[in-house]
Amino acid sequence: MDIDSPDNTPQAPARTRMPKWLPRAMVLALVFFGLFLLADWAFHRLTGLLIVLFVAFFVSLAMEPAVAVLVRRGVPRGLATGLVFVGTFACVLAFLAALVTLLVETATNLAHETPRLLNEGVDWINHTFGQHFTVHDLSQRLLHESDLIEGYAHTAADNAWGVSTTVLGGLAQILTIALFSVYLTAGGPRVRRTVCSLLPPARQQTFLHAWDLAIDKTGGYLYSRVLLAIISAIAHGVFLSILHIPNPIALGVWFGVISAFIPTIGTYIAAIVPVFVALTVDPLDAVWILLFAVVYQWFQDYLLQPRITARTVDVNAAIALLSVLAGGALLGAVGALLAIPATATLQAFLSEYVKHFAVTEDPRIEQTTARRKRTAAAPTHD
């Protein structure tokens, strides 16, 4: 007979104790989870401000070469920054004023010429398709669909407040970006010194080289695009003057800015307004404008742009268009404008800091013509 204990009663199994580190680990896990939620909340709240700072940083990089030129000529850095930004702001305002004037005049001319264009269009349809439409029939059908027009009018009136709020918010954001850009540009040396003070000497040289590279690519992109815009504005302005299109100078400036800063398809987008203007004068002129836009886009992409961007920034056309679409999807119009210099800067960083290897000679790397010749020259085995 086995004796379990002195009093012959079986003992209960010993209870396992909680490890001493487990409560502390649970508390730390809860603390870190709370900090993560707080950081996530703060990041979403500050996303707009971070985007403003990012855009302002690129704007300051673009303005830095012009400011540096004035500083080397003896102008104080604060005054040089102010002069560059005031000049840039004046150019933007002049472009917007010319664009608004152009759009108003175009809309007015279209309103005056709409009856004539409708009559000519209806006559062409009747003559071509053997119909008997009249402008009166069209107006009656339009009045018959007045409920639809009234619905659109009510929708537009309801959205007017939202549109005005969006415009005011956009203006406030632009002013905020301009303010931060002025501070970053005027205090550029102080910012660089502050960052370098946090890095060891070897890292300081790398940082300064990367900073200079970003300035060269961003500034080079901006000034090359300005030069392309000037050439495009002169070419299109002269062509529109030959066709006796109203406001050829304003239309030329519109052509130049849109075709220069929107890659690949900018000229075709810019052609929309001159085509509408030409329709009020002579529809055949609209055809000539489209043909000239196609020819000039080919000339700019394959002859003019490679020569201008050879010493500044050169990005593949497909990559440039993709980066513009991505930048527009992320940050809107400002993102589309800054997409190409950001891509060019990233491309420069990769070319400088990513190791490259020599490529072995192989006909498969080039076109398949050499491979076909090699295959044809190979002896056949029976």
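**Close-up views of a predicted all-helix chain**

Asn247 sits in the loop that joins helix 6 to helix 7, where helices (H or I, at least four residues) and strands (E, at least two) are DSSP runs numbered from the N terminus. The model is predicted, so that local features need pLDDT of at least 70 and side-chain atom pairs count only at pLDDT 80 or more, whereas totals for chains, interfaces and linings use all residues. Residues are numbered from 1 along each chain as its sequence is written, and side-chain values use heavy atoms, with hydrogens and water left out.

View 1. Asn247 has a phi near 55 degrees, a positive value in a residue other than glycine, and with a relative accessible area of 29% Asn247 is partly exposed. The classes used here are buried for under 20% relative accessible area, exposed for over 50% and partly exposed in between, with a 1.4 Å probe and protein chains only. His244 belongs to the loop between helix 6 and helix 7, and its phi, near 60 degrees, is likewise positive in a residue other than glycine. His244 is exposed, at a relative accessible area of 66%. Most residues other than glycine have a negative phi.

View 2. Leu102 is part of helix 2 and is buried, its relative accessible area being 3%. When neighbours within four places in sequence are left aside, Leu102 is in contact (heavy atoms within 4.5 Å) with Asn247, Ala250, Leu251, Trp254 and Val273.

**View 3. The packing of helix 7 against helix 9.** Two packed helices are described by the angle between their axes and the distance between the axes. Helix 7 (residues 248-261) and helix 9 have axes that come within 9 Å and cross at roughly 155 degrees; axes are lines fitted to C-alpha atoms, for helices over the stretch in contact, and angles run from 0 to 180 degrees between N-to-C directions. Helix 7 is therefore roughly antiparallel to helix 9, on a scale in which angles under 35 degrees count as roughly parallel, over 145 as roughly antiparallel, 65 to 115 as roughly perpendicular and the rest as oblique. Leu251, Trp254 and Phe255 are the contributors from helix 7, and they meet Val273, Pro274 and Val277 of helix 9. By class, this contact of helix 7 with helix 9 has 6 nonpolar, no polar and no charged residues, where Ala, Val, Leu, Ile, Met, Phe, Trp, Tyr, Cys and Pro count as nonpolar, Asp, Glu, Lys and Arg as charged, and the others, Gly among them, as polar.

**View 4. The packing of helix 9 against helix 10.** Helix 9 (residues 272-279) packs on helix 10 (residues 283-308) at an angle of about 160 degrees, the two axes being 7 Å apart, and helix 9 and helix 10 are therefore roughly antiparallel to each other. From helix 9, Pro274, Val275, Ala278 and Leu279 take part, and from helix 10 Pro283, Asp285, Ala286, Ile289 and Leu290. The contact of helix 9 with helix 10 comprises 8 nonpolar, no polar and 1 charged residues.

**View 5. The crossing of helix 1 and helix 6.** Helix 1 and helix 6 (residues 201-242) have axes 8 Å apart and pack at an angle of about 80 degrees, and they are therefore roughly perpendicular to each other. On helix 1 the contact includes Phe57, Phe58, Leu61 and Glu64, and on helix 6 it includes Trp211, Ile215, Leu222 and Tyr223. The residues of the contact of helix 1 with helix 6 divide into 12 nonpolar, 2 polar and 1 charged.

**View 6. The salt bridge of Arg77 with Glu64.** A search of the whole structure finds 1 salt bridge, a term that denotes a side-chain nitrogen of Lys or Arg within 4 Å of a carboxyl oxygen of Asp or Glu. Arg77 is paired with Glu64 in a salt bridge, and their closest N and O atoms are 2.7 Å apart. Arg77 lies in helix 2 (residues 77-129) and Glu64 in helix 1 (residues 21-72), so the pair ties together parts that are 13 residues apart in sequence. Arg77 counts as buried at 17% relative accessibility, and Glu64 counts as buried at 10%.
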